[in-house]
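Here are my notes for a colleague opening this entry for the first time. Please keep the structure in view while reading.

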Amino acid sequence: MQSDRSSAMLRFMILELNDKKTAAPLREYKTDISGWNLYPVSRSILLRPERYSQLTPDYVPLIARGCGRSYGDAAQNSDRYVMLMERLNRMIAFDEETGILRAEAGTTLGEILEIFVPRGWFLPVTPGTKFVTLGGCVAADVHGKNHHRDGTFSKHVQGLEVILADGSKRWCTPKQDSELFWATVGGMGLTGIISEVALQLTPIESAYMVVKHHPAAHLEEAISILSSLEKDDHYSVAWIDCLATGKQMGRSVVMNGHHAQLHELPSNIKDPFKFKSRAPFSIPLFAPAWLLNSWTIKGFNEIYYRMQSRKMDKFIIDYDRYFYPLDAISNWNKLYGKKGFVQYQFVVPLHTAAAALQQVLTFLTTNRLGSFLGVLKKFGKAGEGLLSFPFEGFTLALDIPLGNKKTLALLNALDELVLKHEGRIYLAKDARMKPETFRAMYPRLDGWQRVKEEIDPQNKFSSDLSRRLEMDGGAR
Ligand SMILES: Cc1cc2nc3c(=O)[nH]c(=O)nc-3n(C[C@H](O)[C@H](O)[C@H](O)COP(=O)(O)OP(=O)(O)OC[C@H]3O[C@@H](n4cnc5c(N)ncnc54)[C@H](O)[C@@H]3O)c2cc1C
């Protein structure tokens with residue numbers, strides 16, 4: 001760990017968050033927006049507050065938007081207001097003794113990493129991109145490769161400020177105003193605007209990871225490796241070939257890793273917190289719709305499986321390459337063409353997982369629903385967020401191109417399969433589920449709706465997602 005933790009409290013700037021200046025009216029921009037998967041697109045009225053005092057629910061119906069990295073319609077609002085949180089990205093205070101960071105909700109994980117990794121601190125939980133905001137991570141209660149050990153993002157949140165529909169500001173924690181806290185984490189922005197987050201960071205000794213790959217010849221072996229205590233590490237996730245058939249169905253490469261301690265670093269690394277950053281690469285144009293079809297994906301999977309399963313020995317890699325491989329290519333979503341894609345992520349419980357995954361893979365291969373990137377992971381126990389996605393079991397995430405007209409109908413059939421196996425689809429990645437499927441998958445919805453009704457009876461906070469899924473129970 002770094003030695004210069006001399007001052008107990010690092011203050012980034014003196015922020016008078018309750019600034020008394022009269023807020024100027026916000027300018028309104030009407031434009032088409034979508035989630036990261038480019039589907040569906042809707043025309044929303046964008047507002048971009050520059051300061052804390054402009055965070056008000058005066059513009060309704062309203063939904064907050066972070067980096068727009070969710071895959072679906074959670075952060076858009078047809079013909080209604082969307083509040084862009086990008087300018088509310090100030091860090092407020094950091095306690096070097098406890099590792100607790102207080103920051104505005106528009107702060108991105110990338111901004112936090114840039115400042116805190118060199119000081120010996122890391123995020124407690126991170127999704128597969130750093131281009132997401134604290135507010136977005138709380139609202140989706142995101143999970144990372146360490147869910148089986150460390151739970152979701154909310155487990156590390158010490159407190160939140162939420163601006164409610166009546167304009168009041170409430171600080172809530174897992175213990176204080178806990179109903180609001182557990183309805184807000186995973187609540188997809190529908191309880192109010194998250195303005196500030198206090199997050200517990202994790203100490204690290206270096207910016208590097210020790211990684212080991214375990215190839216699995218088929219699904220059964222992948223499940224066994226992901227469940228093996230002996231092979232487990234702090235972070236654990238598998239890339240899975242979703243188009244392999246026969247005896248190879250479900251072949252995977254399990255990629256386990258942990259933060260490298262000083263004694264694990266090779267002698268050529270002189271500064272444990274320095275590494276060569278990647279040159280960003282950009283996709284200038286939308287790719288033609290045919291580019292990602294079941295044949296090209298099959299070919300890619302074959303090469304990738306061979307390449308990755310060769311890496312049998314432990315190796316050292318910087319955290320950026322390990323956690324955020326896709327961030328090196330900005331706009332990689334354009335590879336899917338203008339029609340976009342659906343990211344389909346579900347979780348099934350341990351007792352149905354083997355059969356469910358086998359049937360889902362059979363469904364994908366039979367219907368040639370290719371996924372460029374298939375990710376399989378074992379989740380640990382569920383948290384307390386009323387609409388949080390993870391529970392103990394296996395989760396599979398797939399990127400499915402939307403070039404073919406039949407795809408959406410096939411995905412409805414896939415929902416039935418997931419539901420039959422007591423599974424659930426992730427709201428932050430949903431663009432098309434039906435309301436009845438959602439209700440059947442989220443048994444704590446009633447409890448969430450009770451809190452929503454109490455704090456937002458007129459449903460001032462709503463989104464395309466909430467209307468599509470009738471999340472407010474019908475009151476709109
Ligand atoms: C490449 C990639 C990899 C990913 N990997 C993972 C992963 O491993 N695990 C995982 O869990 N997710 C993953 N995701 C999904 C992503 O982490 C979540 O969708 C996250 O919520 C996006 O944050 P955002 O700031 O972009 O929020 P947006 O997409 O803008 O919004 C998401 C939701 O948060 C709400 N919201 C945002 N800011 C606020 C605020 N200040 N107040 C109230 N509500 C707010 C919005 O209303 C919306 O409902 C991945 C996404 C991508 C593109």
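Predicted model: local features only at pLDDT ≥ 70, side-chain atom pairs only at ≥ 80, totals over all residues.

1. Start at Glu-470, in the segment after helix H12 (464–468). Phi of Glu-470 is near 50°, a positive value in a residue other than glycine. Most residues other than glycine have a negative phi. Is Glu-470 buried, partly exposed or exposed? Its relative accessible area is 30%, so Glu-470 is partly exposed.

2. Asp-177 is another residue to check for its phi, which is positive and near 55° although the residue is not glycine. Look for Asp-177 in the loop between strand E10 (169–172) and helix H4 (178–184). Its relative accessibility is 28%, so Asp-177 counts as partly exposed.

3. Now turn to the peptide bonds. Most peptide bonds are trans. The bond from Tyr-39 to Pro-40 is cis, with omega near -5°. Pro-40 sits in the loop between strand E2 (28–33) and E3. Val-60 and Pro-61 are also joined by a cis peptide bond, and omega there is about -10°. Pro-61 belongs to the loop between E3 and E4.

4. Next, the aromatic rings. How many aromatic pairs does the structure hold? There are 21. One of them joins Tyr-59 and Tyr-81 edge-to-face, with 5.5 Å from centre to centre and 70° between the planes. This pair links distant parts of the chain, 22 residues apart. Tyr-59 is in the loop between strand E3 (42–47) and E4, while Tyr-81 is in strand E5 (residues 81–84). Buried means under 20% relative accessible area. Tyr-59 has 16%, so it is buried. Tyr-81 has 15%, so it is buried as well.

5. Phe-181 and Trp-182 form an edge-to-face aromatic pair. Phe-181 is buried, with a relative accessible area of 0%. Trp-182 counts as buried at 12% relative accessibility.

6. Ring pairs also build a cluster. Its members are Phe-122, Tyr-208, Tyr-235, Phe-275, Tyr-319, Tyr-322, Phe-323 and Tyr-324. Display these side chains together to follow how the ring pairs link them.

7. Look at the ligand's oxygen atoms. A backbone N or O atom of Gly-66 is 2.7 Å from an oxygen atom of the ligand. For Ser-70, an N or O atom in the side chain lies 2.6 Å from a ligand oxygen. Thr-133 places a polar side-chain atom 2.7 Å from a ligand oxygen. How much of the ligand does the protein cover? On its own the ligand has 960 Å² of accessible area, and the protein covers 96% of that.

8. Is Arg-251 buried or exposed? Its relative accessibility is 4%, so Arg-251 counts as buried. Its place is in the loop between strand E14 (235–240) and strand E15 (252–259). The side chains of Arg-251 and Asp-241 are joined by a polar contact of 2.9 Å. Leaving aside neighbours within four places in sequence, Arg-251 is in contact with residues including Ala-216, His-218, Trp-239, Asn-301, Glu-302 and Tyr-305.

9. Last, Gly-120. This residue lies in the loop between helix H1 (109–116) and strand E8 (121–122). Gly-120 is buried, with a relative accessible area of 0%. How far apart are Gly-120 and Lys-212? In sequence they are 92 residues apart, and in space 23 Å, C-alpha to C-alpha.

Conventions. Residues numbered from 1 in each chain as written. Heavy atoms only, no water. Helix = DSSP H or I, 4+ residues; strand = E, 2+ residues; numbered from the N terminus. Buried < 20%, exposed > 50% of the residue type's maximum accessible area, 1.4 Å probe, protein only. Polar contact = N/O pair within 3.5 Å; in protein donor to acceptor, adjacent residues only side chain to side chain. Contact = heavy atoms within 4.5 Å. Areas by Shrake-Rupley, 256 points an atom, 1.4 Å probe, with all protein chains shown as cover. Phe/Tyr/Trp six-rings, centres within 6.5 Å; stacked < 30°, edge-to-face > 60°.
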